[in-house]
Amino acid sequence: MKKWIPIASGLLAGFVAATISFADFSKSTNTEVASSSTKSAAEKVYVPFGEKDDYYLFASGGHSGQMFIYGVPSMRHIRTVPVFSPDSATGYGFDEHSKEMMGGYTWGDLHHPAFSETNGDYDGKYMFATDVGNSRAAVMNLETFTVKDIIEVPNTSGPHCAAFVTENTEYMFLPTRFAVPLGSEYKSLDEYSEQYRGVMSAVTFDQNSEKLNIAYQVALPPWSYDLSDAGKKISKDWAVLTTYNTEEATTNLEINASQADRDFIVLFNWKELEQMVKDGKYEDVGGQKMIFPEKQKGVIYLIPVAKSPHGVDVTPDGKHFIASGKLAPAMTVFSFEKAFEAVEKGDFAGERNGIPIIKYESVMEREVNPENALGPLHTQFDDKGMAYTTMFISSEVVKWDPNTGETLDRVPVQYSPGHSVAAEGDTVAPDGQWLIALNKIAKDSYLSVGPSHPESMQLIDISGKMKVIQSSPVNPEPHYAQMIKADKIKTIEVYPKNEKNELATYKQEDAKIVRNRNKVDVYGIAMRSKFIFDAKAKRPDVIEVNEGDEVTIHLTNIDFDEDITHGFAINSYDLNIEVQPGQTNTIKFTADKAGTFPLYCTNFCSALHQEMTGYFLVKPKN
Ligand code: RUQ
Ligand code: CUA
């Protein structure tokens with residue numbers, strides 16, 4: 001079976017052919033799906049009104065910059081949480097805190113969400129995600145499902161190869177997709193190999209301050225880093241990442257980055273990197289602690305792997321890591337123990353860019369190549385340690401045994417799955433039962449909405465023979481997802497009163513407007529069903545300023561009642577924020593337009609919501 005030629009043009013042809021063949025494929029498989037939608041399948045996904053789903057699904061929203069929250073098994077979309085893009089539904093990106101976090105960017109490309117972990121298990125406290133579009137990392141608090149911090153990562157460009165956290169959330173590693181010169185300064189592409197680097201950042205998170213921080217960076221060779229995973233149990237101090245374009249091509253990557261028969265997996269020990277930083281074995285690069293692997297040896301290694309690999313996934317027992325090749329139809333199982341042994345014995349086959357290469361034969365356990373399965377991308381695991389790999393080209397999920405390489409089961413999905421996600425899939429103890437295929441193409445699965453179709457997520461029951469039992473459309477674009485037991489997440493009902501917060505106003509009679517030259521500070525209240533900006537004024541729900549004034553509005557929602565959210569918008573001023581129950585939020589702007597502007601609550605909050613209005617009056621300058 002070599003009809004799928006493992007060269008770049010072969011890949012392209014394969015992708016195109018796969019797309020064309022969907023039309024016929026769908027005819028047969030849709031009937032199959034339909035017949036599996038028998039009562040028992042329907043019953044399995046039916047969550048009666050009043051009952052809740054068993055799992056939360058956090059799906060990456062790709063270039064929407066958002067995260068989509070679903071319930072499993074119903075596959076109902078519950079909420080969209082804005083992360084890297086502004087969102088008028090929640091006023092995200094308008095209020096001061098979120099505006100500052102956005103750092104002036106107006107979009108993001110959210111890949112690979114990851115839960116915080118304790119002892120290798122999801123602890124339900126935080127969710128991390130990265131932005132490939134504008135090189136950022138974010139953290140979401142799961143008590144409120146709101147973003148707490150976003151950082152921009154210097155010296156790197158597009159942290160696609162992230163976020164994967166270590167067993168106790170000590171670090172999340174952000175290797176770059178695009179190599180750039182250190183400091184991202186101008187350097188000719190003719191000097192690519194000498195001047196460009198593929199920097200990996202080690203990011204820490206402080207739960208008390210809820211802030212992200214870059215602990216150190218590693219100046220890896222100028223290759224593209226694709227996916228990574230942190231070790232578990234016996235391999236917990238280690239992490240692995242896949243590379244492509246080790247050819248160091250600077251143009252037409254489709255062909256030029258697919259020349260070499262082998263690329264590499266980078267294997268490193270983060271405990272020892274941490275020690276290097278403590279020992280001062282780094283250089284200062286633009287304020288970052290940069291480790292150069294060609295100078296600081298003994299911590300980072302290369303393992304050859306079939307050309308242009310994509311996913312790499314560590315087994316739940318931490319003993320193996322499995323690389324999948326988008327240009328080679330095989331999954332390769334590697335042994336951590338053998339890798340440690342090779343490192344110990346110095347069993348190397350030369351080096352690349354000053355980094356020792358471990359001999360392939362010394363660490364490879366088996367190459368697995370299920371018949372006619374094409375385009376393996378990512379692998380997940382069940383409660384018995386069995387592997388489930390998505391096949392992009394042959395549009396299926398293949399279940400196989402990593403210990404023997406035996407193919408156990410296969411199920412077609414509609415179509416071209418990228419990632420899949422298993423229940424509690426990245427933990428040391430996945431749940432089994434559910435797997436969701438995140439399909440890049442949903443062709444003719446739903447009512448047409450024009451030439452561009454939604455993507456899809458298909459729920460697969462893996463408790464017996466694999467069966468697709470539910471399908472949900474999803475906005476672009478699910479890159480990865482995380483599925484967590486619902487009872488692990490403990491949300492709060494209202495924001496607790498914080499008497500120490502000087503910006504909060506909890507008593508109606510305290511609402512006031514403070515003027516200091518051209519600065520106007522409003523300490524206002526939102527409640528059912530009115531605004532109070534100035535308790536003593538003739539019209540407490542009116543804000544009057546002069547043209548050019550700098551206006552700051554601190555608004556507190558004093559309805560300490562679950563789900564009573566108020567919005568605040570000023571007509572034609574392009575402003576809109578939200579205050580959740582008990583929350584105080586701040587918005588700052590210049591009153592640069594004179595005139596009369598009605599203001600109103602955007603969130604339907606009571607029978608008299610329509611009456612929750614006021615005026616923003618701006619007196620002209622002269
Ligand atoms: S990648 S479809 Cu952005 Cu996770 Cu593999
Ligand atoms: Cu408050 Cu509508």
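User: Is Ser98 buried or exposed?

Analyst: Let's start with the ground rules. This is a predicted model, where local features need pLDDT of at least 70, side-chain atom pairs count only at pLDDT 80 or more, and totals for chains, interfaces and linings use all residues. Residues are numbered from 1 along each chain as its sequence is written, ligands are numbered from 1 and chains lettered from A in the order in which they are written, and side-chain values use heavy atoms, leaving out hydrogens and water. Buried means under 20% relative accessible area, exposed over 50%, and partly exposed in between (1.4 Å probe, protein chains only). Ser98 has a relative accessible area of 2%, so Ser98 is buried.

User: Which residues does Ser98 touch, not counting those up to four places away in sequence?

Analyst: Touching is contact, meaning heavy atoms within 4.5 Å. For Ser98, these residues are Gly91, Tyr92 and Gly93.

User: And why is Lys490 called exposed?

Analyst: Because its relative accessible area is 58%. Leaving aside neighbours within four places in sequence, Lys490 is in contact with Leu142 and Glu143.

User: Which residues surround ligand 1?

Analyst: A residue is near a molecule if one of its heavy atoms lies within 4 Å of it. Around ligand 1 are His111, His112, His160, His310, Leu377, His378, Gly418, His419, Lys440 and His479.
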